[in-house]
Amino acid sequence: MSSLKISFSLMCFLTLANIFDTTHAQNSQTDYLNSHNSERSSVSVANIAWNATVAAYAQNYANQRIGDCSLVRSNGPYGENVATGSGLTGINAVSLWIAEKSYYTYSTNTCASGHVCSHYTQVVWSSSTQLGCARVQCNSGLYYVICNYYTPGNIAGQSPY
């Protein structure tokens, strides 16, 4: 009987460990970098690197959004993408930004009428070489994700790569 309890306890522990890993696995520094660098690679742009100072800035600003979870930009010194949503992970947020690619035309450096492409172009902006991201759960239960980029992209009249 005691071996049955041990087996059951071990199974419960492993299940909880798996849930924990799944919950946090999509919000790590590596996850943000891999999501960005995969898309950057697809358009022949060099990888972006993690910057602890930029990440601290992102975390500080994300903490300020906990009360309202508003899609308000920090107006800071970095390029910036923000997203909010129920159960939103870092990987989900980056995927949302990358999805704008379908509206972007590189040859004319334009975005389809009625759509936004600036989140996508910031992800692949070639002179943005450093990244810092953060994710917080807001009081409402929604999640707020922010990625900041050094140097900022989306410079008027310039192509992202």
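**Exercise 1.** Decide whether glutamine 64 is buried, partly exposed or exposed.

*Solution.* Step 1: recall the cut-offs, where buried means under 20% relative accessible area, exposed means over 50%, and partly exposed lies in between (1.4 Å probe, protein chains only). Step 2: the relative accessible area of glutamine 64 is 48%, so this residue is partly exposed. Helices (H or I, at least four residues) and strands (E, at least two) are DSSP runs, numbered from the N terminus. Step 4: look across to valine 136, which is 72 residues away in sequence, with 9.7 Å from C-alpha to C-alpha.

A word on the source: this is a predicted model, in which local features need pLDDT of at least 70 and side-chain atom pairs count only at pLDDT 80 or more, while totals for chains, interfaces and linings use all residues. Residues are numbered from 1 along each chain as its sequence is written, and side-chain values use heavy atoms, with hydrogens and water left out.

**Exercise 2.** Describe the overall make-up of the protein.

*Solution.* Step 1: count the elements, which gives five helices and six strands. Step 2: read them along the sequence to get the pattern α-α-β-α-β-α-β-β-α-β-β. Step 3: turn to burial, and 38% of the 161 residues count as buried. Step 4: consider contacts, meaning heavy atoms within 4.5 Å. Among contacts between residues at least 6 apart in sequence, 68% join residues at least 24 apart.

**Exercise 3.** Find which residues of helix 4 are buried, and work out how they are arranged around the axis.

*Solution.* Step 1: in helix 4 (residues 90–98), the buried residues are Gly90, Ala93, Val94, Trp97 and Ile98. Step 2: they lie on the same side of helix 4, because they cover an arc of only 140° around the axis. That arc is taken from the directions from the helix axis to the C-beta atoms. Step 4: the buried residues pack against helix 2 (29–42), strand 2 (79–85), helix 5 (118–124), strand 5 (130–137) and strand 6 (143–150).

**Exercise 4.** Identify the residues with the most contacts inside the largest nonpolar core.

*Solution.* Step 1: a nonpolar core is a set of buried Ala, Val, Leu, Ile, Met, Phe, Trp, Tyr and Cys residues joined through side-chain atoms within 4.5 Å. Step 2: the largest one has 22 residues, and Tyr32, Trp97, Leu131, Cys147 and Tyr149 have the most contacts inside it. Step 3: helix 2, helix 4, helix 5, strand 5 and strand 6 each supply at least two residues of this core. Step 4: another core lies apart from it, with 10 residues, including Ala62, Cys69, Ala134 and Cys138.

**Exercise 5.** Locate the salt bridges and judge how accessible each partner is.

*Solution.* Step 1: a salt bridge is a side-chain nitrogen of Lys or Arg within 4 Å of a carboxyl oxygen of Asp or Glu. Step 2: searching the whole structure gives two. Step 3: one joins lysine 101 and glutamate 39, at 3.0 Å from N to O. Lysine 101 is in the loop between helix 4 and strand 3 (104–105) and glutamate 39 in helix 2, so the pair links distant parts of the chain, 62 residues apart. Lysine 101 is partly exposed at 33%, whereas glutamate 39 is buried at 11%. Step 4: aspartate 68 and arginine 65 form a salt bridge too, with their closest N and O atoms 2.7 Å apart. Here aspartate 68 is partly exposed at 40% and arginine 65 is buried at 12%.

**Exercise 6.** Find the peptide bond that is cis, and a residue other than glycine with a positive phi.

*Solution.* Step 2: the bond from tyrosine 150 to threonine 151 is cis, with omega near -5°. Threonine 151 lies in the segment after strand 6. Step 3: asparagine 109 has a positive phi, near 50°. Asparagine 109 sits in the loop between strand 3 and strand 4 (110–111) and is partly exposed at 30%.
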